[in-house]
Amino acid sequence: MDNLTILNNLTTAVVVIDHQLQLSYINHAAEVLLAVSGQRIQHKALEDLFRNADEFQANLLQTLSSAHPLTKREAKLTLFNGQQLILDYTITPITDPSALTDTSTLLVELFPKDRLLRISKEESILAKQESSKLLVRGLAHEIKNPLGGIRGAAQLLSRELPSADLQEYIQVIIEEADRLRDLVDRMLGPMRPPQMNPINIHLVLEHVCNLISAEASGCIDVIRDYDPSIPELPGDAQQLIQAVLNIMHNALQALQASQQSQPRTLTVRSRIVRQFTIASICHRLVCQIDIHDNGSGIPASLIDTIFYPMVSGKADGTGLGLSIAQAIVSQHKGLIRCNSEPGNTTFTIYLPFEHHQGSAHEHK
């Protein structure tokens, strides 16, 4: 077994750089991390791979001159495609004793930190949401019991009161009790487990896009960007329609409320992601759905709590739409993430194609 075969089977990303700071080799793990082909990038300069390689290049030159390994923690590198990586890297000089000149090759090991930080953050968010859900469920049941008693007592009282004016007051009590019961039921989220069947996710997305387009009445451009190669995935079509509709309806309201002069757009994108970790489980294939709008964005003070029940950025909002959407997607073993800044808000839904247990070490 040769050295290249060993390097290509490592899960650690490895890059080999020559003394002229040109890329001479990257292994398969580095191809995935850096989103490049090893053959296409071979003998290219660092500028063809990274946008902000000044500090990285300086560290490479320092290692060449000192002939001592160098380690950098939590470095930020921006790939040529615009993706930013947060990673640790170690540069090790390797001198070939058979070479005629005293030149070194640099072996660079890359250890991505942003993925580990993301997974850790998502696990923390999911744990907090689960605790919040348990608290809300307990509180909801405590509310529903006396509500039932109040409604029953009002019905009994209505039979004893002869006055029509007093009957109106009793009816107000009954209607308000029913309204609170419905609110509590919504707080509890979907009451039945999803009925898992093979579904075409684009039928779900297209159904919601048509509903949103009708409500927007031509004032907002709804853009579809689907990957037609995505196969069917296991899911409950009606529940997923509800989850996507809740997110897109929020985006529509944000766009309608914005005072921007540029065209208002709502983009729905579908893609396949490989080797993606959700709640410590690595899924071989995951369907990624991006719902993007160019509205005013979500306030920074709310971004970490928008999936909690009763949290809303709108004065007349109930704060249940995103909580219900997250609950539905969680029942599908998936996850919803959100990134937002003024003019650029994206909700991303991840739905696995399989539900097998995977290795948490194979993460994206």
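This is a predicted model: local features need pLDDT of at least 70, side-chain atom pairs count only at pLDDT 80 or more; totals for chains, interfaces and linings use all residues.
Five strands line up in the order 2-1-5-4-3 to give an open sheet, and their pairing is antiparallel. Strand 2 (23-26) and strand 3 sit at the edges with a single partner strand each, so one side of each has no neighbour in the sheet. On average, neighbouring strands here are turned by 30 degrees against each other, direction ignored. As for the pairing itself, strands of a sheet are held to one another through backbone hydrogen bonds, either parallel or antiparallel. Strand 1 (residues 13-17) runs antiparallel to strand 2, with three bridges between the two. Valine 16, for instance, has tyrosine 25 in strand 2 as its bridge partner. Helix 4 packs on this sheet, where it touches strand 1, strand 3, strand 4 and strand 5 (104-112). The direction of helix 4 makes about 20 degrees with that of strand 4.

Next come the charged pairs. The model holds nine salt bridges. One of them pairs lysine 72 with glutamate 55, with 3.0 Å between the closest N and O atoms. Here the two partners come from distant parts of the chain, 17 residues apart: lysine 72 belongs to strand 3 (residues 70-78) and glutamate 55 to helix 4 (residues 54-66). Both ends are partly exposed, lysine 72 at 25% relative accessibility and glutamate 55 with a relative accessible area of 44%.

Strand 3 also supplies arginine 73, whose side chain meets that of aspartate 88 in a salt bridge at 3.5 Å, N to O. Because arginine 73 lies in strand 3 and aspartate 88 in strand 4 (residues 84-95), this pair ties together parts that are 15 residues apart in sequence.

Another salt bridge stays inside one helix. Aspartate 178 and arginine 181 meet through their side chains at 3.5 Å, N to O. They are three residues apart in helix 6 (residues 164-188), so about one helical turn separates them. In an α-helix there are 3.6 residues a turn, so residues three or four places apart point the same way. Aspartate 178 counts as buried because its relative accessibility, 16%, falls under the 20% cut-off. Arginine 181 is partly exposed at 35%. Elsewhere, salt bridges with shared partners join Asp225, Arg269, Arg271 and Asp290 into one network.

Last up is helix 8 (residues 237-257). Its 21 residues reach 30 Å from the first C-alpha to the last, close to the 30 Å expected at 1.5 Å a residue. Its buried residues include Leu240, Ile241, Val244, Ile247, Met248, Leu252 and Leu255. Gln239 and Asn246 are also among the buried residues of helix 8.

Aspartate 236 sits in the loop between strand 8 (233-235) and helix 8. At the start of that helix, a side-chain oxygen of aspartate 236 comes to within 3.2 Å of the backbone nitrogen of glutamine 238. The side chain of aspartate 236 also reaches the backbone nitrogen of glutamine 239, again at 3.2 Å. Aspartate 236 is itself buried, with a relative accessible area of 4%. Setting aside neighbours within four places in sequence, aspartate 236 is in contact with Arg192, Pro194, Gln195, Met196 and His332.

How values were computed
Residues are numbered from 1 along each chain as its sequence is written. Side-chain values use heavy atoms; hydrogens and water are left out. A salt bridge is a side-chain nitrogen of Lys or Arg within 4 Å of a carboxyl oxygen of Asp or Glu. Helices (H or I, at least four residues) and strands (E, at least two) are DSSP runs, numbered from the N terminus. Buried means under 20% relative accessible area, exposed over 50%, partly exposed in between (1.4 Å probe, protein chains only). Two strands pair if DSSP finds at least two bridges between them. Axes are lines fitted to C-alpha atoms, for helices over the stretch in contact, and angles run from 0 to 180 degrees between N-to-C directions. Contact means heavy atoms within 4.5 Å. The expected span of a helix is 1.5 Å times one less than its number of residues. A polar contact is a pair of N or O atoms within 3.5 Å; within protein, one must be able to donate a hydrogen and the other to accept it, and residues adjacent in sequence count only if both atoms are side-chain atoms.
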